[in-house]
Every structure is written in C-alpha cells, then in structure tokens.
Amino acid sequence: AAVKEPPKIHRLEESVVNRIAAGEVIQRPVSAVKELVENSLDANATSINVVVKDGGLKLIQVSDDGHGIRYEDLPILCERHTTSKLSKYEDLQSIKSMGFRGEALASMTYVGHVTVTTITKGHLHGYRVSYRDGVMENEPKACAAVKGTQIMVENLFYNMIARRKTLQNSSDDYTKIVDLLSRMAIHHTNVSFSCRKHGAARADVHSIATSSRLDSIRTVYGVSVASNLVQLEASEYNDSSSFVFKMDGYVSNSNYVAKKTTMVLFVNDRLVECAPLKRAVEIVYAATFPKASKPFIYMSIVLPPEHVDVNVHPTKREVSLLNQELIVEKIQSAVELKLRQSNDSRTYKEQT
Ligand code: ADP
Ligand code: MG
C-alpha cells in the first residue's frame with residue numbers, strides 16, 4: 001500500500017476546546033445541580049431551593065440566601081478558571097470550600113444558557129445577567145432581588161446533540177437529583193433544602209435546618225428509616241496522638257428492610273463513594289442478620305486535610321483514602337460490634 005501523507009496537525013479553536021472540556025465537567029443534569037448546590041454551600045447559604053424541568057434538560061434553577069456576587073465580578077464570573085476560592089497552588093492543601101477550579105459555571109455556559117440573579121448585602125437591588133460561552137451577553141440589569149443568588153441553566157446540552165439524545169432516552173435525571181439533594185440534606189443539617197419539579201406544588205425533598213441528624217434523616221428519608229437506626233462512632237489516633245481518622249454516623253438495625261444498600265458517605269464534607277468500604281459494611285450485615293435486607297448507612301469521615309487529595313478529576317466521586325485498609329477495617333469492626341449489641345439488647349427486650 002502507498003504510504004499516506006501524515007495528516008496535518010492544527011490547533012483547535014478555543015471554543016471547541018472549551019466545549020469538550022465542559023462536557024466532561026457537566027456530564028449530565030445532576031452534575032450541574034451538584035456544582036450549583038456546592039457553590040451555594042460555599043456562599044454560606046442556609047437555604048437552598050432547586051427547581052427542575054424536564055429532568056434538568058429544559059431548566060435547572062438553584063436559589064440560595066448566600067453572600068451573593070459582587071457587581072464588579074459579574075463580567076468574569078463565567079470565564080474559565082475564575083474563582084474567589086483559591087489563589088495559589090499551596091492553598092489546595094487547606095482548602096475548606098467545595099469548589100476551587102473556577103470551571104463549573106464556565107462549563108455550564110458552554111453547554112447551556114446561564115442566567116444569574118444576585119444581590120449583595122447592603123444593596124437595595126440586585127442584578128441579572130446572562131452568559132454564553134464564558135462571556136456576559138449584556139450589561140447586568142438592575143432588578144429586584146431577595147438575599148443571595150439564583151442561577152438558572154436552560155437548554156442544557158442544546159449544542160451536544162448526541163448527549164441530549166442519550167439523556168432524553170434514559171430515564172430522566174430527576175430521580176438522581178432528588179437522591180443527591182437528599183444526601184446533601186442529611187449531612188448539611190444546618191441548611192434547609194428543597195427540590196421540586198417545575199410547576200409542582202409539592203417538593204420532593206424538603207428539609208428544615210435542625211441540630212439533630214436523626215430529625216433530618218426522618219424528614220428526608222422517612223420514619224421507617226429514622227426509627228431503625230443506631231448511632232455509630234469510630235476513630236484512630238497515631239503514636240503522636242494526632243488522628244488518622246474520625247467517623248460518626250448512623251446505620252440500620254435488624255428491623256430495617258430494603259432490597260438495595262443506601263450508603264451516604266462524606267469524607268471531609270465531600271460527598272463521595274468508596275466501594276471497598278461499602279462492601280465491607282455489607283458483608284457485616286449479611287453475616288449478622290439472617291434475612292437478606294440491605295443496610296442504610298450514613299457516615300461522615302474526617303481525615304487530616306493533608307491526607308486527602310481533593311484535586312482529582314472534577315467528577316471523580318470514587319475516593320481512595322490514605323490508610324484505606326486500616327480505616328475500612330476499623331469501621332467494619334465498629335459496625336459489627338454495634339449490630340451485635342443492638343441485636344443482643346433486642347433479644348433481651350423480647351425475653352423480658
Ligand atoms: P469555583 O466554585 O471552583 O470557584 P465556579 O465556576 O463554580 O468555580 O464559581 C465561580 C465563582 O463564582 C465562585 O468562586 C464564587 O465566587 C462565585 N459563585 C458561584 N456561585 C455562587 C453563589 N451561589 N453565591 C455566591 N457566589 C457564587
Ligand atoms: Mg463551584
């Protein structure tokens with residue numbers, strides 16, 4: 001065969017690069033909701049309300065009562081790599097905020113139409129402004145606004161035909177969005193969350209700020225879950241008596257019945273997944289309770305910040321922890337002990 005001329009290498013247009021990157025950050029409607037809610041949490045909101053239309057493809061609207069966005073910052077708000085949370089690389093070490101990349105809002109403007117309404121403290125009116133492909137479409141318009149920020153994303157993936165098609169065919173993201181907000185709500189108990197379909201009178205998630213985790217679980221997951229939980233703690237300290245990890249949580253007892261495991265896991269306040277930990281806990285349940293019910297698990301693990309690398313891919317929710325084997329083992333035995341105790345006390349109660 002004839003040797004072909006090598007194809008010419010050229011530089012991609014910036015808009016193409018940005019749209020490709022945006023499609024990775026915002027994979028589906030629920031990823032946009034997660035980013036927006038995390039921004040609201042970072043803005044110290046105490047109330048976060050989500051409205052969704054057509055599984056998020058037509059509309060995602062997140063309103064909060066946080067600190068708002070400065071008028072002067074609006075022109076660069078949706079540019080890539082603009083953030084108020086990080087200045088130098090070293091800050092990543094001790095970062096407390098959920099975000100730091102300055103990519104989420106920008107990404108949304110490359111794959112959808114974004115409108116921001118915001119007001120800051122001490123001002124009589126707010127501003128509304130729309131964005132496309134990272135840039136402000138018009139000068140911000142003065143408008144009436146209550147405290148905080150409202151971000152609207154419309155027509156998500158309007159310019160990514162294949163993505164839109166697959167999403168339209170799959171069962172829509174609304175269930176995933178409700179699930180996400182339920183998880184967020186039982187962890188961030190000092191924040192009230194709501195989530196509803198556009199036009200619906202009833203909210204599908206409606207939590208109220210409370211100091212009790214159990215109350216919050218009851219509100220979000222129902223009495224049948226909350227009344228069948230036991231509280232759990234575990235921790236490990238090293239030789240110099242600084243902690244390796246701390247965990248507190250709630251796990252279901254033998255009265256709880258479910259076909260699927262619900263595992264709500266936060267590591268240093270980030271919602272993550274950890275398959276080995278989930279498996280380890282499931283094994284304990286299978287061994288302790290004869291009926292094949294799967295557990296409900298809420299766990300909040302705190303690690304020294306220097307043990308957590310937050311700078312993995314924006315959407316990578318699966319974490320691997322430093323000292324993972326030890327942590328999994330410790331938590332597994334804590335669960336085992338707790339279940340045995342609650343089982344014993346139940347048998348005891350039944351006898352008396
Ligand atoms: P990041 O969260 O990584 O900083 P984003 O693109 O998500 O990047 O947001 C960019 C910036 O916009 C944030 O750093 C923050 O200053 C501001 N911002 C976004 N959402 C909100 C909000 N709901 N309330 C106040 N400020 C916000
Ligand atoms: Mg963010």
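## Helix packing, a hairpin and a ligand shell

α5 passes α6 in a right-handed crossing. This is a predicted model. Strands β10 and β11 form a hairpin. Ligand 1 is surrounded by 22 residues.

**Helices α5 and α6**

- Helix α5 covers residues 174-187, and helix α6 covers residues 213-221.
- Their axes lie 8 Å apart, and the packing angle is about 160°.
- Angles over 145 degrees count as roughly antiparallel. The two helices, α5 and α6, are therefore roughly antiparallel to each other.
- On the α5 side, the contact uses Ser-182, Ala-185 and Ile-186. On the α6 side, Arg-213, Ser-216, Ile-217, Val-220 and Tyr-221 meet them.
- This contact of α5 with α6 has five nonpolar residues, two polar and one charged.

**Helices α1 and α3**

- Helix α1 spans residues 14-25. Helix α3 spans residues 104-111.
- The axes of α1 and α3 come within 8 Å and cross at roughly 115°.
- Angles of 65 to 115 degrees count as roughly perpendicular. Helices α1 and α3 are therefore roughly perpendicular to each other.
- From α1, the contact takes in Asn-18, Arg-19, Ala-21, Ala-22, Gly-23 and Val-25. From α3, the partners are Ala-104, Ser-107, Tyr-110 and Val-111.
- By class, the contact of α1 with α3 holds six nonpolar residues, three polar and one charged.

- Strand β10 runs over residues 229-237, and strand β11 over residues 243-252.
- The two strands, β10 and β11, are antiparallel and joined by nine bridges.
- Glu-233 stands opposite Asp-248 in β11.
- Five residues lie between the strands of the hairpin. One residue in the turn, Ser-241, has a positive phi of about 50°.

**Around ligand 1**

- Two elements give two or more residues to the shell: α2 (29-42) and α3 (104-111).
- The shell around ligand 1 divides into seven nonpolar, ten polar and five charged residues.

Technical notes. Residues are numbered from 1 along each chain as its sequence is written. Chains are lettered from A and ligands numbered from 1 in the order in which they are written. This is a predicted model: local features need pLDDT of at least 70, side-chain atom pairs count only at pLDDT 80 or more; totals for chains, interfaces and linings use all residues. A residue is near a molecule or strand if its C-beta atom, placed from the backbone, lies within 6 Å of it. Helices (H or I, at least four residues) and strands (E, at least two) are DSSP runs, numbered from the N terminus. Ala, Val, Leu, Ile, Met, Phe, Trp, Tyr, Cys and Pro count as nonpolar, Asp, Glu, Lys and Arg as charged, and the others, Gly among them, as polar. Two strands pair if DSSP finds at least two bridges between them. Axes are lines fitted to C-alpha atoms, for helices over the stretch in contact, and angles run from 0 to 180 degrees between N-to-C directions. Angles under 35 degrees count as roughly parallel, over 145 as roughly antiparallel, 65 to 115 as roughly perpendicular and the rest as oblique. Two residues are in contact if their C-beta atoms, placed from the backbone, lie within 7 Å. A crossing is left-handed if the near helix is turned anticlockwise from the far one by less than a right angle, and right-handed if clockwise.
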